[in-house]
Amino acid sequence: MAARHDSQEAPLTGYSSVQSDAGSIGVPDFGDNIDLMTFEQILEMDDDEEEREFSSSIVFGFFEQAENTFKSMDASLAKKDLDTLSSLGHFLKGSSATLGLTKVKDSCEKIQHYGAHKDETGNTAVPDSGICLDRIKTTMVALKRDYSEAESILRRFYHDQSN
């Protein structure tokens, strides 16, 4: 069935909706912050396209999880605990990948590798802990920025203005 772009504003302010010939409203293009195919798989589990209770519970649960993980990462960075930073990067990488948050996932993967004394690809050893910690500090700035952008997009999608 063909999709058509609706010329009116979508329920998601600032995004144009995609509406099928049958009338169901699809998901807007989130740019490079969110992988649409992955996110749509989560949305398909919703019973009601307007309420989106299931997917919103996953997304808002992720927000809480991410904020708590950032606090743990900051504390581990202050302690220079590379092993814990690697584990936390791995943990948040999995959660963000599930939702299709590609930039967040990529930064988390880098933190995982740096914490394991490797380069950003995970292929080359980096024995100097100071270099790894500096790279994690830099990556965490990008991670928090990318997370904030994705969070803002998703809150708009779910019509949540609490942040």
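## Starting at R145

Select R145, which is partly exposed, with a relative accessible area of 46%. Buried here means under 20% relative accessible area, exposed means over 50%, and partly exposed is in between, with a 1.4 Å probe and protein chains only. The model is predicted, so local features need pLDDT of at least 70 and side-chain atom pairs count only at pLDDT 80 or more, while totals for chains, interfaces and linings use all residues. Residues are numbered from 1 along each chain as its sequence is written, and side-chain values use heavy atoms, with hydrogens and water left out.

The side chains of R145 and D146 form a salt bridge at 3.4 Å, N to O. A salt bridge is a side-chain nitrogen of Lys or Arg within 4 Å of a carboxyl oxygen of Asp or Glu. D146 is buried, at 7% relative accessibility.

## The whole chain

Zoom out and color by secondary structure. The protein has five helices and two strands, in the order β-β-α-α-α-α-α along the sequence. Helices (H or I, at least four residues) and strands (E, at least two) are DSSP runs, numbered from the N terminus. Of the 163 residues, 40% count as buried.

How many salt bridges does the structure hold? There are six.

Select D32 and K103. Their closest N and O atoms are 3.4 Å apart, in a salt bridge. D32 lies in the loop between strand 2 (16-20) and helix 1, and K103 lies in helix 4, so the pair ties together parts that are 71 residues apart in sequence. D32 is exposed, with a relative accessible area of 51%, whereas K103 is partly exposed at 25% relative accessibility.

Next, select D74 and K144. This pair also forms a salt bridge, with the closest N and O atoms 2.9 Å apart. It links distant parts of the chain, with D74 in helix 2 and K144 in helix 5, 70 residues apart. D74 is partly exposed at 34% relative accessibility, and K144 is partly exposed at 31%.

## Along helix 2 and its ends

Move to R52, in the loop between helix 1 (36-43) and helix 2. Is R52 buried or exposed? R52 is buried, with a relative accessible area of 8%. Phi of R52 is near 50°, a positive value in a residue other than glycine.

Step on to E53, which lies in helix 2. E53 is exposed, with a relative accessible area of 60%. Select D47, D48, E49, E50 and E51 as well: with E53 they form a negative surface patch. Patches are made of residues with over 30% relative accessible area and no salt bridge, where like charges are joined within 9 Å and nonpolar side chains (Val, Leu, Ile, Met, Phe, Trp, Tyr) within 5 Å. Asp and Glu count as negative and Lys and Arg as positive, while His and the chain ends are not counted.

Follow helix 2 (residues 53-78) to A78. A78 is exposed, with a relative accessible area of 65%. Draw a distance from A78 to L133: the C-alpha atoms are separated by 9.7 Å, although the two are 55 residues apart along the chain.

Then select K80, in the loop between helix 2 and helix 3 (82-99). K80 is not a glycine, but has a positive phi of about 60°. K80 counts as exposed, at 60% relative accessibility.

Go to D119, in the loop between helix 4 (102-115) and helix 5 (129-157).

## Last stop: R155

Finish at R155, in helix 5. R155 is buried, with a relative accessible area of 12%. R155 and V59 are 96 residues apart in sequence, and 9.0 Å apart in space, C-alpha to C-alpha.

How values were computed: Accessible areas come from the Shrake-Rupley method with a 1.4 Å probe; for residues, only the protein chains shown count as cover. The place of a charge is taken as NZ of Lys, CZ of Arg, CG of Asp or CD of Glu.
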